[in-house]
Amino acid sequence: MAGEAGEDLDKGTIATAYARWAPVYDLVFGAVFDRGRQAAIVAAERLGGRILEVGVGTGISLPDYARTNRLVGVDLSEPMLRKAQERVAEHHLDNVEALAVMDAENLGLPDDAFDVVVAQYVITAVPHPERTLDEFARVLKPGGEIVLVNHIGAETGLRRAFEAWFAPVARRLGWRPEFPWVRLTDWVERTSGIELIERRPMPPLGHFSLIRFGKQKMPAVRALPGNVPAKA
Ligand SMILES: C[S@@+](CC[C@H](N)C(=O)[O-])C[C@H]1O[C@@H](n2cnc3c(N)ncnc32)[C@H](O)[C@@H]1O
């Protein structure tokens, strides 16, 4: 089993990196990540309802959700979130309930509160992905889904060699390009009540994946034979 790796990324590095990215983020990463974002929104809206976007960043995807969904966005980076606030005001997104500075590993949100938790290009950028996924599962309602879109490290070939070589530089940018798929499958295996629904390759060239996890519905409570239902 691939256990939780040590803190090869720390929150200070991540916060510094995204404070630098914030002014130019949409310009640099707007188009390149867009296909994945749109696919994540389509997946999230299959269930719809109350949606939590973790690592919401500049809020680039918020205007693309149907206004019938209620949205909450959280991010570690205040400069990124300030951009998101400007976007919410500019687009009059009155379906955005809240935007808050929050650590994905320690969400200040109640259990079973959201129909869908979406994290686009985030899970490999947090110090402890497994702890973060535990939090996603906790705040998700039974029957709900976690929708991730992310780059997952190649398992073989030249791309794998390149990702391993690039990893030390990428850390300073707040990324983990060599992140192995097995960390996610191991997490599912040891997390009761969570199942992998799908992993789908995304363009460009399948470098990104759309990943969906489901949280089991509560088993229906059945009356035991001879039990008389309580009257109000
Ligand atoms: C690559 S950006 C993705 C932003 C946005 N989701 C998008 O689609 O463009 C990663 C985001 O995750 C945020 N992030 C990184 N670590 C985090 C953590 N521990 N808790 C909350 N947000 C975090 C960063 O601040 C950044 O805004």
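This is a predicted model: local features need pLDDT of at least 70, side-chain atom pairs count only at pLDDT 80 or more; totals for chains, interfaces and linings use all residues.
Local features were taken at pLDDT of at least 70 and side-chain atom pairs at pLDDT 80 or more, while totals for chains, interfaces and linings use all residues. Residues are numbered from 1 along each chain as its sequence is written, and side-chain values use heavy atoms, with hydrogens and water left out.

The ligand is surrounded by 19 residues, the closest being Tyr25, Arg37, Gly55, Asp75 and Ala104; a residue counts here if one of its heavy atoms lies within 4 Å of the ligand. By class, this shell holds twelve nonpolar, four polar and three charged residues, with Gly counted as polar and Tyr and Ala as nonpolar.

A backbone N or O atom of Gly55 lies 2.7 Å from a ligand nitrogen, and one of Leu76 lies 3.1 Å from a ligand nitrogen. From Asp103, a polar side-chain atom lies 3.0 Å from a nitrogen of the ligand. The protein covers 99% of the 590 Å² of accessible area that the ligand has on its own (Shrake-Rupley method, 1.4 Å probe).

The model has 15 salt bridges, each a side-chain nitrogen of Lys or Arg within 4 Å of a carboxyl oxygen of Asp or Glu. In one of them, Asp26 pairs with Arg87, with the closest N and O atoms 2.9 Å apart.

Note on methods. A polar contact is a pair of N or O atoms within 3.5 Å; within protein, one must be able to donate a hydrogen and the other to accept it, and residues adjacent in sequence count only if both atoms are side-chain atoms.
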